[in-house]
Amino acid sequence: MHIRTFVAAAVGLGLVTLSACGSSSDDTGSGGSKTVTLVSHGSFAYSKDVLKAFEKESGFKVKVLKSGDAGQAVNQAILTKDNPQGDVFFGVDNTLLSRALDNGLFQPYEAKGLDKVGAEYQLDKDEHRVTPIDSGDICVNYDKAYFSKNKIEPPQSFDDLVKPEYKDLLVTENASTSSPGLGFVLGTAAKYGDDGWKGYWEKLKANGVKVVDGWEQAYYQEFSGSTDGKKAGGDRPLVVSYASSPPAEVVYADPRPETAPTGVADGTCFRQIEFAGLLSNASNAEGGKALIDFLISKKFQEDMPLNMFVYPVVEGAAVPAEFTEYGPAAKDPEIMAPEKIAENRDQWVKSWTSLVLK
Amino acid sequence: MDLARTEVAKAPSGPAKAPRRRARTGSAARLGLMVLPVAFFGVFFAHPVAAIVVRGLKADGTWDLGRIGEVLGDSGIRHVLWFTTWQALVSTALTLLIALPGAYVFARFDFRGKDILRAVVTVPFVLPTVVVGTAFLALVGRGGLFDELWGVRLDTTVWAILLAHVFFNYAVVVRTVGGLWAQLDPRQEEAARMLGASPLAAWRKVTLPALAPAVAAAALMVFLFTFTSFGVVQILGGPTFSTLEVEIYRQTSEIFDLPTAAVLTLVQFVAVGLILAVHAWTVRRRETALRLVDASLTARRPRGAGQWALLGAVLVTVVVLILLPLGVLVERSLDAPGFGYYKALTSDDSGIFLVAPIEAVGNSLGYALAATVIALVIGGLAAAALTRRAGRLVRGFDALLMLPLGVSAVTVGFGFLIALDEPPLDLRSSWILVPLAQALVGVPFVVRTMLPVLRAVDERLREAAAVLGASPWRVWREVDLPMVRRALLVAAGFAFAVSLGEFGATVFIARADNPTLPVAVARLLGRPGDLNYGQAMALSTILMVVCAVALLVLERLRTDRTGEF
C-alpha cells in the first residue's frame, strides 16, 4: 500500500515538531524495570495496604490500568499485544479464555504456589499461559420481598423461569456486551444442549424476559431487590447477577440487615473463573511474574472477596463470614469446557442476538 | 456548524486575479503550506484508520474481500444500515421542522437577550454526547423528571434518540440558515410584494430560492452528524437500536469481530464521502451572487400578534428542548445537600480512577489547550493553502480535511493504539495522543472559520506589500494577520470547545490515571450508586459551564459577523 511510503515520508517531517512532547512520556511510562503495570477491567479492586505490602516485599512499584468491561479490556489487550500497555493482564474469564489464548496474548509462566490452586480451576494446566485467580457463579437473583408479598415461591431452576407465574419478571444482560449475560446464555446451553437452548430462549422471550446492555443497568436500575434498584423504581424482581450479590447487599447496607434482602435461584448458575497472565511482550517480565505470584498469595486471595465479591481459588484461603452466611457458593453450577465455549461462543451469541434482540 | 456558507457571503466580488507570472510561485507556496497538514492527516488519520481496516480484512497476508459481501448480506447488519439511515432522515426532518422557525426569528427579529439566547442554543452542539445522553436520561429515563411527574418514560425508545438529535443539531440549522437569512436583503421580498405578490408567493419566489442551498447544506450536516451518532444512541438506545458507528464499536470492542468492523468502517467511509461530496456540490451551487447586506440592518423588533406569537413559540421550544434537559442536569447535580456531589469530586476514595475525579477538569483543559494549538497550526496552514481558489486537487484536499468529522472516532481511537506503537512513533503512553486525536476534529472547524476571512483579504494588498519588498512571512504578518486575528480567536474557541467534548476516540486512549471530563462522566455513569450518578451530573454541569462560557466569549468577539461558526 502506498500509505506506508507516504507515512514514512511524513513521519520524518511532522514528527520533528512532536518529538519535544513525546519525550515527556517516559517519566510515567512503564519502561522502568522497577515498575510493573497491571492491565485490568473496570471492576478490579483491592485494599491499598495489601498492594503496599507487596511493593515493599518485592521492591516493584505497581501501576494499575483499568479500562471498560471485562470483554472490552480483553479485546483491547489483544489489539495492543505487540506493544502491550502493561506487563500482566488480569480479568480474562473462562468464557473468553480461548480468544485470549488463540490470539497469543500471554506467555507461559508457572506461578509459585500454583500447587495450592484447585485442579478444577486450572484450565490451561499444560502450558500455564494463564493462572486462575478467582471464581464466582452467575445466577438468577430474586427479590425476597416481592415473592413473599405476592405469595409466590421464588424460582429455583432454569425450567421454572419459563413458567407463567414468572412472566415479565426477569431482566438479563446483552450476551454480546456483558459477561454475566453471556454466562447465563452459556448456562442454558450447558443445560439444554447445543440445539435445545434456542427453544428455551424462545420460551423465555415469550415469557417476557427483558434485555439491557450491562450488569449495572440490570442490577441497579431494573432489579427491584437491590437497594439502588428500589430507589430507581426498578420493577423486575428477577435478575441475572452473581451468587455473591446477596452478601454484597448486606455488606454495603447501613445498618446491616439480619438477612440478605435477595436470594439466589440455585438451579440457574454458571461457573465463572477469572485468570491473570503474563503478557507476551511484557517489558518487565520479572516484575510481572512476581505480581502473578502475589495474586495467588494467601494475602491477596483473602483480600479479594470483599473487594470484588468473588471466591478465592487457593486452598486454605479464608472465605469471609458474610459469604458463608448470606450467599453460599452454588451447589451444582453448570460448567462448560473452554474448548467447547471457544468453538461455539461467537456463533451462539449471533444466534442469540437475532433470536432475542431483533 | 456552518461549512462554507460564509464563503458565499464574502465571495461574490472575488479577490482580484493575480497576474499570471505570479501563479507559478503561488502554487509552489501553496504546496509548501499543504505539506504539514497533509503529513498530519497522513500520520494521525489515514494511517491509523488504514491499520484497523487492514487488520480486519487481511488474514495471513492475503486480502479477504469476500467478507464485504458476507457482512453486507447479513440480515442483522442490514437492519443496522436501515436503522442508521432511517433515524438520520427522520432526525434531520425533525430538526429542520423545529429549527427553521428559530432560524427566522434569530435572523429577522431584534429582542433583548438575543445574543445570550444564541449562545444558549449553541451550547448543546459543543457538549459531549455523553452529557447529552445523561441529560436526556435524567429527563425522560427511568426515574427521570417526566417519569416522576407523569409516569412518561422514553428511554430505550427511538423517541429519546430523535429528541436528543434535535437538541444537538438545533444550532446547526439556526446558525447556518439563520446566518444567511440575516444577510439577505429584505427589500427584495418587499419589492416583490409591492409588485403585487402575496406574502407567501413573495417568500417562495424570492427568499426560498436564495435560502434553499443553505437549508440543504444544514440538512446535510445534520444528516452527517446523526448518521454517525454514537454516544447518544449508545446511552439512550439500549441493546435494540444501533447505528453504524455504534455497531463498529460493538463489533470491535465487544464482539471482537474485526472483519465485520472493518467492512462497516469502509461502508461508513463511503457514505460519509458521498454526503460530503453532495455537500460540496450544494455549496458550489450556492456561489451565485446574492445581494447580501449587514445582518444588523435586517433585524427589527417583532410587530403584530403573529410575529410575537412566533417569537414566543420559538422561546418555548428553546426552553423545553434545550434549557429543560440542561436544567434537569444541574438540578440532579445539586441533589445532595451542601453541594455533596461536587465535594465528592475532590476525593480519590472511589477507586474508579487513581485520582480524584476533579482532576479530570485540569486534564481536559490541558489536553484541549494542546489540541487547540495543534488544530490552529494545521488548520491555519490548510486554510492559507486553500485561500487562493484553485482546481480539483485543492478541492480534494478541502474534502480530506472534513473526513474526520464523519469517520468513526472509535476506529480512529483503536487505530491510534495499534498504529502509533512503534518507534519513532511510539506514542502509546504519551499524553500527546489525546490532543492529537482531538485536534483531528478541531481542524475542520478552524479551516471553516479562517477560510472565508482569508479569502476576503484583497489580494492586491498582499501584492503591493510584496512589490515593496516584504518577505512572504512579513506579508502575512502585516497584511493577513491583523485582518484575521479575530477569526483566529473564534477558530481557537471552537477547536477548544470541540476538543473538550470529544469522546469517541478519547475513551480509548485516555489513560486511567489521566481521564478527561467526558471519559470521567462515562465511567461514573457506568458505576452503581447515587454518589457516582450525582458526581457524573456534577462533572457534566462543570463541563457545560466551561463550554457555555467559552461560547459567550466567542459571541462577544464575533461582533463583525463575518464568520458564522
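1. Which residues is A:Ala189 in contact with, leaving aside its neighbours within four places in sequence? They are A:Asp194, A:Trp197, A:Met336 and A:Trp348, where contact means heavy atoms within 4.5 Å. A:Ala189 is found in helix H7 (residues 179-206) of chain A, helices being DSSP runs of H or I with at least four residues and strands runs of E with at least two, numbered from the N terminus. With a relative accessible area of 3%, A:Ala189 is buried; buried means under 20% relative accessible area, exposed over 50% and partly exposed in between, with a 1.4 Å probe and protein chains only. From A:Ala189 to A:Ile335 the distance in space is 10.0 Å, C-alpha to C-alpha, although the two are 146 residues apart in sequence.

2. On the basis of the note: this is a predicted model, in which local features need pLDDT of at least 70 and side-chain atom pairs count only at pLDDT 80 or more, whereas totals for chains, interfaces and linings use all residues. Residues are numbered from 1 along each chain as its sequence is written, chains are lettered from A and ligands numbered from 1 in the order in which they are written, and side-chain values use heavy atoms, with hydrogens and water left out.

3. Chain B as a whole has 25 helices and two strands, and of its 565 residues 57% are buried. Its accessible surface comes to about 22000 Å², of which carbon and sulfur atoms hold 64%; such areas come from the Shrake-Rupley method with a 1.4 Å probe, and for residues only the protein chains shown count as cover. If one takes the contacts in chain B between residues at least 6 apart in sequence, 81% of them join residues at least 24 apart.

4. In chain A, helix H2 (residues 48-58) and helix H12 (residues 298-308) pack at an angle of about 165 degrees, with their axes 10 Å apart. Axes here are lines fitted to C-alpha atoms, for helices over the stretch in contact, and angles run from 0 to 180 degrees between N-to-C directions. H2(A) and H12(A) are therefore roughly antiparallel to each other, given that angles under 35 degrees count as roughly parallel, over 145 as roughly antiparallel, 65 to 115 as roughly perpendicular and the rest as oblique. The contact is made by A:Val50, A:Ala53 and A:Glu57 of H2(A) together with A:Lys299, A:Phe300 and A:Asp303 of H12(A), and these residues divide into three nonpolar, no polar and three charged. In this division Ala, Val, Leu, Ile, Met, Phe, Trp, Tyr, Cys and Pro count as nonpolar, Asp, Glu, Lys and Arg as charged, and the others, Gly among them, as polar.

5. In chain B, the axes of helix H4 (residues 75-108) and helix H10 (residues 199-227) come within 8 Å and cross at roughly 135 degrees, which makes H4(B) oblique to H10(B). On the H4(B) side the contact includes B:Thr84, B:Ala88 and B:Leu96, and on the H10(B) side it includes B:Val215, B:Phe223 and B:Phe227. The residues of this contact divide into nine nonpolar, seven polar and no charged.

6. H4(B) also packs with helix H12 (residues 244-254) of chain B, the axes coming within 9 Å and crossing at roughly 145 degrees. Here B:Ile77, B:Val80, B:Leu81 and B:Thr84 in H4(B) meet B:Leu244, B:Glu247 and B:Gln251 in H12(B), a contact that divides into four nonpolar, two polar and one charged.

7. B:Arg250 is likewise found in helix H12 of chain B and, at 6% relative accessibility, counts as buried. Not counting residues up to four places away in sequence, B:Arg250 touches residues in both chains, including A:Thr177 and A:Asp213 as well as B:Gln234, B:Phe241 and B:Phe256.

8. Most residues other than glycine have a negative phi. A:Lys151, however, has a positive phi near 55 degrees, lies in the loop between helix H5 (144-149) and helix H6 (158-161), and is exposed, with a relative accessible area of 76%. A:Phe309 has a positive phi of about 55 degrees and is placed in the loop between H12 and strand S11 (311-312) of chain A, but at 10% relative accessibility A:Phe309 counts as buried.
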